[in-house]
Amino acid sequence: MPSTLNATLSATDMPVAEKIAVVDKNAAVEKKAVVEKQAAVDKKEYRDAMARLGSAVNIITTDGPGGRAGFTASAVCSVTDTPPTLLVCLNRSASVHAAFTQNQVLCVNTLADCHESLSNLFGGKTPMEQRFDAAEWARLATGSPILTDALVSFDCKVTQITSVGTHDILFCEAVALRRNDDSHGLVYFDRRYHPLMRQTAC
């Protein structure tokens, strides 16, 4: 018959190994509570802090069954070079969300210093046709619009979508590239645009 002795032992009567297990469990619970308390960062405070994180400015474009669409984004970064993959963060409440998720292709057009007004155009409420009419575009492999004078364009297929909070993270494998080595860059820092000068540019 199985013994019920351990179930009735007080903490002082427990074997050493069981005492350690109880202490470890209690410590883990307390640590989790501390972490959760520390994670309660105010939304405005977080956004103000993120404004100090300088980023390249990009116009993300797509075309296909879901229609042609584009938006301005700084939430772009490299993931790996094997296969060449970057990520783009897209708010699920954005009007362009359906086009991107249906088309499953996109182009990350990194802007040059002359593109501040174009960035504002694609970041606002301007009708899509007027946004694209404001610049010259080409096509590479996927059919997504390529900004002809972008600093660099990454033509991509979307390989994975992961949802976090209010946004979808689009993992995008680059299938074609186009570079313009004669232009300066554009960064967004402290809620303002700043030109980023290339030493080798004329």
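## What counts as a salt bridge

A salt bridge here is a side-chain nitrogen of Lys or Arg within 4 Å of a carboxyl oxygen of Asp or Glu. A search of the whole structure turns up six of them.

This is a predicted model, so local features need pLDDT of at least 70 and side-chain atom pairs count only at pLDDT 80 or more, while totals for chains, interfaces and linings use all residues. Residues are numbered from 1 along each chain as its sequence is written, and side-chain values use heavy atoms, with hydrogens and water left out.

## Two bridges across the chain

Let's start with D63 and R139, whose closest N and O atoms sit 3.0 Å apart. This pair links distant parts of the chain, 76 residues apart: D63 is in the loop between β2 (58–62) and β3 (69–73), and R139 is in the loop between β7 (137–138) and β8 (146–147). (Strands are DSSP runs of E, at least two residues; helices are runs of H or I, at least four; both are numbered from the N terminus.)

D168 and R92 also meet in a salt bridge, at 3.2 Å from N to O. Here D168 belongs to strand β10 (residues 167–179), and R92 to the loop between β5 (84–91) and α4 (97–103). D168 is buried at 4% relative accessible area, whereas R92 is partly exposed at 35%. (Buried means under 20%, exposed over 50%, partly exposed in between, using a 1.4 Å probe and protein chains only.)

## One within a helix

K44 and D48 pair up too, with their closest N and O atoms 2.8 Å apart. They're four residues apart in helix α3 (residues 43–50), so about one helical turn separates them. K44 is exposed at 56%, while D48 is partly exposed at 26%. Both join R191 in a network of salt bridges.
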